[in-house]
Amino acid sequence: MSFLWRFVAWGAPAFLIAWLIQAPYEHWIGGLAAGLAAPRGAQIEILDLELFFPFDLGVFVALCLASSWAPRASRWKAIALGLPVLIVVEILVLFFSFKILMATGSSEYALRLVNGICRLEGLMAAAIVWGSFLARGPLLLQGSSRLFSIRRPGPLA
C-alpha cells in the first residue's frame, strides 16, 4: 500500500477524533493563550474561536502512522514527542495573534493576517515536525517507500 493510501486510512479516524474534540480543545488552548497574552490585571474575553487546531494534530498523527518505512516504535516515539511540540507551537501562535490584535485594535487587516497565520501554521507545523522525525529517507527519495518517484526517459532509439 502506498504512503498516500496509508495516510488516508489513518487520516480518516484522526479527523473524526479531531472533529469530536475540536470545541473543547479550542476553548482550552484559546483560554490558555489568552491568559498568557493578556496584560497584567486584564483579561481577554474570547467570543468566538474557530482555529481548526486539533486537525493539525490529527494530520501529524496520520503522517507518522502512515510512515511505514520507519519502525513502529519510532513512529510512536515521534507522536509522543511531536504532539507536545505542536501544542506549544499552537499556543505561541495564538499568543502572538492576540498581541497583534491588541496592538492593531482588531482591524480588518489584522484579523485577516491572524486568520492566515493560524490556518497556515497548522499544516506547516505538522509537516515540519513530521519531517524532522520521520520523513528524511522518503523525502530524499531513498529506499523503496517513496512519497513520489521520478521516471527518467530511456535511451532514444
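User: Which residues touch the most other members of the largest nonpolar core?
Analyst: In this predicted model, the largest nonpolar core has 36 residues. A residue joins such a core through side-chain atoms within 4.5 Å of another member. The members that touch the most others are Phe 53, Phe 60, Leu 94 and Trp 130.

User: Which element gives the largest share of this core?
Analyst: The elements that give two or more residues to the core are α1, α2, α3 (72–104) and α4 (108–133). The largest share is nine residues, and the element that gives them is α3.

User: Is Phe 60 buried or exposed?
Analyst: Phe 60 sits in helix α2, which covers residues 53–66. A residue is buried when its relative accessible area is under 20%. The value for Phe 60 is 0%, so Phe 60 is buried.

User: What separates the C-alpha atoms of Phe 60 and Ala 127?
Analyst: Along the chain, Phe 60 and Ala 127 are 67 residues apart. Setting aside residues up to four places away in sequence, Phe 60 touches several residues, including Ala 126, Val 129 and Trp 130. The C-alpha atoms of Phe 60 and Ala 127 are separated by 6.9 Å.

User: How many of the 14 residues of α2 are buried?
Analyst: Helix α2 reaches 20 Å from its first C-alpha to its last, close to the 20 Å expected at 1.5 Å a residue. The helix is largely enclosed by the rest of the structure, because the number of its 14 residues that are buried is 13.

User: Which residues is Phe 53 in contact with, leaving aside neighbours within four places in sequence?
Analyst: Phe 53 is among the core members that touch the most others. Contact requires heavy atoms within 4.5 Å. With neighbours within four places left aside, the contacts of Phe 53 are Tyr 25, Glu 26, Ile 29, Glu 90, Val 93, Leu 94, Cys 118 and Glu 121.

User: What is the relative accessibility of Ser 67?
Analyst: Ser 67 lies in the loop between α2 and α3. Not counting residues up to four places away in sequence, Ser 67 touches Phe 3, Arg 75, Trp 130 and Leu 134. Ser 67 counts as buried because its relative accessibility is 0%.

User: Is Ile 17 buried or exposed?
Analyst: Ile 17 is found in helix α1, residues 3–37. Together with Phe 15, Leu 16, Trp 19, Leu 20 and Ile 21, Ile 17 makes a nonpolar surface patch of about 640 Å². The exposed class begins over 50% relative accessible area. Ile 17 has 52%, so Ile 17 is exposed.

How values were computed: Residues are numbered from 1 along each chain as its sequence is written. This is a predicted model: local features need pLDDT of at least 70, side-chain atom pairs count only at pLDDT 80 or more; totals for chains, interfaces and linings use all residues. Side-chain values use heavy atoms; hydrogens and water are left out. Patches are made of residues with over 30% relative accessible area and no salt bridge: like charges are joined within 9 Å, nonpolar side chains (Val, Leu, Ile, Met, Phe, Trp, Tyr) within 5 Å. Accessible areas come from the Shrake-Rupley method with a 1.4 Å probe; for residues, only the protein chains shown count as cover. A salt bridge is a side-chain nitrogen of Lys or Arg within 4 Å of a carboxyl oxygen of Asp or Glu. Helices (H or I, at least four residues) and strands (E, at least two) are DSSP runs, numbered from the N terminus. Buried means under 20% relative accessible area, exposed over 50%, partly exposed in between (1.4 Å probe, protein chains only). The expected span of a helix is 1.5 Å times one less than its number of residues.
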